[in-house]
Amino acid sequence: MANPAPATGGKSFLQAMSTVTEEAAVQLRVVQMEGLAVLKIIKHCEEFAPALVTGQLLGLDVGSVLKVTNCFPFPIREDDEEADADGANYQLEMMRCLREVNVDNNTVGWYQSCLLGSFQTVELIETFMNYQENIRRCVCIVYDPSRSSQGVLALKALKLTDSFMDLYRNNGLTGEKLREKKLSWVDIFEEIPIKVSNSALVSAFMKELEPESPVSQCDFDRLKLSTAPFMERNLEFMIGCMDGLSSEQNKFQYYYRNLGRQQSQQQAWLQKRRQENMSRKAAGEEPLPEEDPSNPIFKPLPEPSRLEGYLVTNQISSYCNHINGVAGQSFNRLYLMKALQED
């Protein structure tokens, strides 16, 4: 038998490793999703709405493109250790079965559903960090059934920014570190553009299924002028976020009040110690140290993390964008109906 050709195409081992390193440094530009994977995600999320569901994304990482070719749902389970073990075994068994039928079984991330865009939570960040330990580049596909019912495909591909991940790993989400890195609340998540693609065979089959006249009847549902339920829920959620943001601000006000009180106590103690040292020096005695680590007033106060405040601010911005988009569509409908009535 002839020896198989080298996998590196005649390159040396060092050249192959340098190529891999260069590919690892390529920035992720687009998430290319198969139409079948998109339909599976939508079907799973719509069937269980308004309950939140999640699943695994499978595909390939090729240069600046992350290809999502397949996916499978996670079973809905209780939050206990036994259920976690069953969920892990389920994932391994599913990936083994997919490998046996020659389907891509490389994990490239996960997908999850959300309600009115409320996905920016600490749990999402922790899940990202857990995935990053084993997968260098992974994404989370977020699908919102409630927004999709308004005529918009609410599908997003998200990843954490590198600067935020570095600070999160080092527990550096304090005011000083954030100012040093110039990191604001908009720098937590990065949205990657999604490109939906189909194979030539699927495209040809869809062309065969397409009717000769694409517009068979008018879709009057799109002309509904009432958007009160959607707007009302967005406003309710935004008010809840405003309350959460107020609570976070109260935490920092309490921290800074305690910090100012501690600094004034330190100054008073230091002034008293200096006067005592002057008296001891006049008496020919050794001065006492001006700092006493055993004194509680010199114990540094832990600064609260700004992560919750950043996430709540991000969520408020998302709700504002939703309200702005729905309001714009409503005005377009009103102007259209006005023009139809005038004619």
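Asparagine 70 lies in strand β3, which spans residues 65–73. The model described here is a predicted one. With a relative accessibility of 10%, asparagine 70 is classed as buried, because buried means under 20% relative accessible area.

The side chain of asparagine 70 makes a polar contact of 2.8 Å with the side chain of lysine 40. Lys40 is also one of the residues that asparagine 70 touches when residues up to four places away in sequence are left out; the others are Ala37, Gln56, Leu57, Leu58, Leu98 and Val103.

## The sheet

Strand β3 belongs to an open sheet of eight strands, arranged in the order β7-β6-β5-β4-β2-β3-β1-β8 with mixed pairing.

In general, strands of a sheet pair through backbone hydrogen bonds, in either a parallel or an antiparallel manner. Strands β4 (residues 107–113) and β5 (residues 139–143) run parallel and are joined by five bridges. Within this pair, tyrosine 111 has isoleucine 141 of β5 as its bridge partner.

## A helix on the sheet

Helix α4, formed by residues 122–132, packs on the sheet. The strands that helix α4 touches are β2 (54–62), β4, β5, β6 (155–160) and β7. The direction of helix α4 makes about 165° with that of β4.

Technical notes. Residues are numbered from 1 along each chain as its sequence is written. This is a predicted model: local features need pLDDT of at least 70, side-chain atom pairs count only at pLDDT 80 or more; totals for chains, interfaces and linings use all residues. Side-chain values use heavy atoms; hydrogens and water are left out. Helices (H or I, at least four residues) and strands (E, at least two) are DSSP runs, numbered from the N terminus. Buried means under 20% relative accessible area, exposed over 50%, partly exposed in between (1.4 Å probe, protein chains only). A polar contact is a pair of N or O atoms within 3.5 Å; within protein, one must be able to donate a hydrogen and the other to accept it, and residues adjacent in sequence count only if both atoms are side-chain atoms. Contact means heavy atoms within 4.5 Å. Two strands pair if DSSP finds at least two bridges between them. Axes are lines fitted to C-alpha atoms, for helices over the stretch in contact, and angles run from 0 to 180 degrees between N-to-C directions.
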